[in-house]
Amino acid sequence: MTQHVRRVTPSIHGAVLANRGGAMLLWILLGIPTLFVLVLAFVGFLYLTRGVHVRRVRASNEKDGVPPVSEPFFCDMVTLHTRTTLQGGHALELATNGNQTYPRLWQDLREARRSITVQMYYCQPGHVADDFKALLIERARAGVKVHFLADAFGAGKLPKAYYEELGAAGVEVSVFRPGRWYELHKMQNRSHIRVVVVDGSVAWTGGFGLDDKWWGDNEDEAEWRDTNVRFEGPAVLQHQGTFAAAWAEATGTLLSGDAYFPPEERESDGDVYAGILHAAPTIGSTVAERFVALSIAASQRRLWISNAYFVPSEEQSRLLQAAARRGVDVRILTCNEHGDSKATYYAGRGRYEELLTSGVRIFEYQPAMMHAKSIVVDGSWASVGTMNFDNRSMAHNDETLLLVRDERFGSQLEGVFERDMTQCREIELASLRRRGAGQRLREKLYALTFRVL
């Protein structure tokens with residue numbers, strides 16, 4: 001009997017292994033795809049890949065079209081379509097590199113007496129982050145109410161010890177939308193916002209983050225070129241409201257009171273007309289895409305766009321082409337092939353030929369990474385902020401823009417654009433059409449993923 005058992009044991013063992021192998025193969029063929037489908041069902045595939053909804057802008061009087069940005073009703077229309085209150089009484093300072101941004105920002109932080117609120121998407125270890133941490137700690141120990149909200153994805157490389165040092169000094173710290181399995185539906189909705197508000201009276205926004213690559217005067221290829229704005233006036237409290245909404249989501253605490261929203265700081269000595277647009281994901285069209293569509297449709301003479309990640313949808317491309325065909329000087333300034341995102345670069349280039357054919361001019365910045373996000377229309381309507389010209393920013397992310405109606409500020413932004421153009425390579429249609437089959441294929445492949453870029 002014993003010998004008989006020993007003879008059949010290898011066969012049984014082989015059968016068990018065969019069954020296990022079959023089960024593993026079955027899992028690979030059926031289980032993994034099923035799990036993937038269940039995850040997509042839970043999150044929502046259409047939600048993950050949703051695009052913009054605005055295809056055209058139609059005026060009641062087709063002969064006159066959309067009111068130009070110079071007319072008062074244009075700002076009223078922007079307010080109605082984007083829920084952005086535009087008011088007078090602002091003072092603005094433009095900064096186009098780290099040397100112009102960080103020293104002025106550090107000065108504002110040092111002068112805080114009541115509160116500091118910071119919401120930051122991109123944070124990386126380095127001397128900029130260390131300087132920022134030291135300033136927050138010093139102010140917190142001086143009795144200032146200090147809050148720091150970092151995006152879980154953009155600030156993922158900051159070590160735990162960084163937050164612990166801040167917390168030990170009295171800084172209130174939280175992470176925005178951390179990756180949890182039961183919150184997968186939020187994973188693609190990042191807070192791309194940069195909010196800095198000091199004492200409820202001074203605020204900053206723009207494309208900058210806490211990283212050494214923004215430091216410098218962008219004369220070196222390692223120093224990023226960006227556009228940031230410091231402002232005083234009624235929009236500061238709008239910006240504070242943006243922070244308060246995110247802080248409430250992250251911590252469950254809604255900030256209120258004079259330390260954050262001082263009534264005496266609702267006006268400044270400035271006279272600029274401005275307001276903060278806070279864009280957030282929604283089921284229908286977003287305020288971001290409505291703002292972009294209105295601004296393009298209202299342009300009559302010049303429409304100059306600086307954006308690091310220029311990947312317009314088919315509908316937005318048509319709006320830009322229509323503007324160029326009606327005689328508007330449409331120019332796009334974006335990064336070159338050495339930018340930090342090859343996917344967005346090649347997906348964006350997939351639209352170049354149709355835009356150039358319609359008369360749009362496209363420039364690629366050469367000295368360094370061009371990370372600015374600004375629009376200026378007819379020299380008097382402008383925006384500076386965090387929003388990229390891509391589907392991720394307009395449909396999936398939380399973003400902020402300072403909207404400005406002011407000829408002096410518009411002229412200043414156009415001056416920055418003209419200076420940047422001297423360091424750009426203009427894309428010529430004839431040269432573009434000679435690009436190789438490999439590059440054309442790369443553009444088509446990346447273009448397929450433009451909704452999640």
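The legends below describe several close-up views of one predicted model.

**View 1. Glu 93 and its two salt-bridge partners.** Among the 26 salt bridges that the structure holds, one joins the side chains of Glu 93 and Arg 104, with a nitrogen-to-oxygen distance of 2.9 Å. This pair links distant parts of the chain, since Glu 93 belongs to strand S1 (residues 87-95) and Arg 104 to helix H4 (residues 98-110), eleven residues apart. Glu 93 also meets the side chain of Arg 230 in a salt bridge, here with 3.3 Å from N to O. Because Glu 93 lies in strand S1 and Arg 230 in strand S7, this second pair ties together parts that are 137 residues apart in sequence. Glu 93 counts as partly exposed at 32% relative accessibility, and Arg 104 counts as partly exposed at 22%, whereas Arg 230 counts as buried at 6%.

View 2. The side chains of Glu 314 and Arg 318 meet in a salt bridge, with 2.5 Å from N to O. Both residues lie in helix H9, where they are four residues apart, about one turn of the helix. Glu 314 has a relative accessible area of 36% and is therefore partly exposed. Helix H9, which covers residues 314-325, also holds Gln 321, and this glutamine counts as buried because its relative accessibility of 10% is under 20%. Although Gln 321 and Leu 355 are 34 residues apart along the chain, their C-alpha atoms are separated by 6.0 Å.

**View 3. A network of salt bridges.** Seen together here are Arg 349, Glu 353, Glu 364, Arg 425, Arg 433, Arg 435 and Glu 443, which salt bridges link in a network.

View 4. Most residues other than glycine have a negative phi. Arg 177 is placed in the loop between strand S4 (172-176) and strand S5 (194-198), while Asp 378 is found in the loop between strand S12 (373-377) and strand S13 (381-385). Arg 177 counts as buried at 15% relative accessibility, and Asp 378 counts as buried at 5%.

**View 5. A patch of positive charge on the surface.** Four arginines, Arg 55, Arg 56, Arg 58 and Arg 451, gather in this positive surface patch. One of them, Arg 55, has its place in the loop between helix H2 (45-48) and helix H3 (72-82). Arg 55 counts as exposed because its relative accessibility of 52% is over 50%.

**View 6. A negative patch on the surface.** Asp 217, Glu 219, Asp 220 and Glu 221 form a surface patch of negative charge. Glu 221 is found in the loop between strand S6 (202-206) and strand S7 (228-232), and with a relative accessible area of 66% this glutamate is exposed.

View 7. When a disulfide is taken as a pair of cysteine sulfur atoms within 2.5 Å, the count comes to zero. Cys 123 counts as buried at 0% relative accessibility, and Cys 424 is buried with a relative accessible area of 17%.

Notes. Residues are numbered from 1 along each chain as its sequence is written. This is a predicted model: local features need pLDDT of at least 70, side-chain atom pairs count only at pLDDT 80 or more; totals for chains, interfaces and linings use all residues. Side-chain values use heavy atoms; hydrogens and water are left out. Patches are made of residues with over 30% relative accessible area and no salt bridge: like charges are joined within 9 Å, nonpolar side chains (Val, Leu, Ile, Met, Phe, Trp, Tyr) within 5 Å. Accessible areas come from the Shrake-Rupley method with a 1.4 Å probe; for residues, only the protein chains shown count as cover. Lys and Arg count as positive and Asp and Glu as negative; His and the chain ends are not counted. The place of a charge is taken as NZ of Lys, CZ of Arg, CG of Asp or CD of Glu. Buried means under 20% relative accessible area, exposed over 50%, partly exposed in between (1.4 Å probe, protein chains only).
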